[in-house]
Amino acid sequence: MNSDELAGIIEGILFGAGDGVSMTELCRCLDKPITEVQFAIEILKQDYQSKARGIRLVQVKDSYQLSTKPDYYGYIKEITRHQEKTGLSRAALETLAIIAYRQPVTRLTVDELRGVSSSSAIQRLLDRGLICDGGRLEAPGRPILYKTTNAFLKTMGFTSLNEIPEFEVFSQGKQESFDLELLNNETENKGQSGEDLLANMLEKTMGDAAIIEVAQ
Amino acid sequence: MAYAVSLDGFEGPLDLLINLIQKNKIDICDIPISTITNQYLLQIRTWQDMDMDVASEFIVMAARLLEIKAKALLPKNEEAKEDEEDLQAKLVRQLVEYKIFKEISYYFQSQEQRELGAIYRDPEYIPQNMEEAPLVIDPYSLEQCFKRLLFEREEEIEAMAPPQKIIRELFSIEEKIAEITEILVQAGASGVSFSELLHPDICREEVVVTLLSLLEMVKTSGLRLLQNRVFIDFQIHREVEKNEQR
């Protein structure tokens, strides 16, 4: 079985499963070492970069899932007639920003940083599964510490917490100098075609695999 | 407060202040406190004139601003000057920090809006193959199975029934502790080994009570247990110093 075939099988598995499938599960059912599976996934990812494909590979931590490309949503919704999806409120977004960068953090800290009570925002984030109970602070009253979840990463389109821009990106300079486009381009550049890139990814993949193997 | 109060789209007093600072095109670290305080109060009065309840957080901030302003107006000694700077510095720090998180929240929003356009597929519902056991059923085996179930159930019910006889406790920990203490006093400095405490025709219950008593004594009256290696007999000593203290 060559890598292309492996990539095809993985595509089949991910489409069939619908839900996210972890790297461990993929390795088990394919009976292949992690390096080979990761290489096949990179092939798949690259294939999806093409404008000719309407599907993309979403990775959250070590779990993989297929979704349609957000860029094509305008056309897709004409057919699916989904009710317009609503995003989070300003209060919820501010609260989420604080929790993401200060986690694990208590409600009191969030309140202080925002200057207003955040309990309803926190409740909404809990309801949507974007944050969760991350233990207790060893202080009077043992307040709950909140942290972000994998659902948060998926909602924001991050692979892992490491992918979130450094806090300094936002704290340096003024709001005007902060360029959203720049950040978005950076993430897109990762997907340029070319054999060099695949080689780079393979190298990176091998490195990751070694780390995962050590961890296991 | 059960719901978020947002007046004119401001998330809170910090939000309003940042808005005023931006409107006045001033540096966040160098706020002309009196101008900002006046504008802030003006805004709150406008809301009050419109008969809107102003959230307590906004009032608290108004008080803070007035305090800073008042301290700035008063003639001051060195100490008071430091105090005033502290108050203002604290507010500036809070504003700077809040502004950063606000920016992050806008970034998160743009990320979220993009991701809202992704559609995920629900897994198709296919009944799962739970167990691949061949089903060979004939009336006889069904009968056997049913009888077995009934029988097992009967046993279970019996086990659950309350005991009819209540057996008196033969050995109590209190008594055993007294007994062991006596043995130890007689043995003196050399102590006794665990096996010496167990007479030849001892029953299982008494062994258990003996061990529990020893553990209790270690906890409460300072026994010392010595064992050279695991799974062998051990030696029991009394803590002599403690004994003398009594």
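Select Ile55(A), and then Thr68(A) in S3(A), which stands opposite Ile55(A). This is a predicted model, in which local features need pLDDT of at least 70, side-chain atom pairs count only at pLDDT 80 or more, and totals for chains, interfaces and linings use all residues. Residues are numbered from 1 along each chain as its sequence is written, while chains are lettered from A and ligands numbered from 1 in the order in which they are written.

Next, show helices H1 (residues 3-17) and H3 (residues 34-49) of chain A, which pack at an angle of about 80° with their axes 8 Å apart (axes are lines fitted to C-alpha atoms, for helices over the stretch in contact, and angles run from 0 to 180 degrees between N-to-C directions). That angle makes H1(A) roughly perpendicular to H3(A) (angles under 35 degrees count as roughly parallel, over 145 as roughly antiparallel, 65 to 115 as roughly perpendicular and the rest as oblique).

Finally, move to helices H5 (residues 90-102) and H6 (residues 107-114) of chain A, whose axes lie 10 Å apart at an angle of about 120°. That angle makes H5(A) oblique to H6(A).

How values were computed: Pairing = 2+ DSSP bridges. Helix = DSSP H or I, 4+ residues; strand = E, 2+ residues; numbered from the N terminus.
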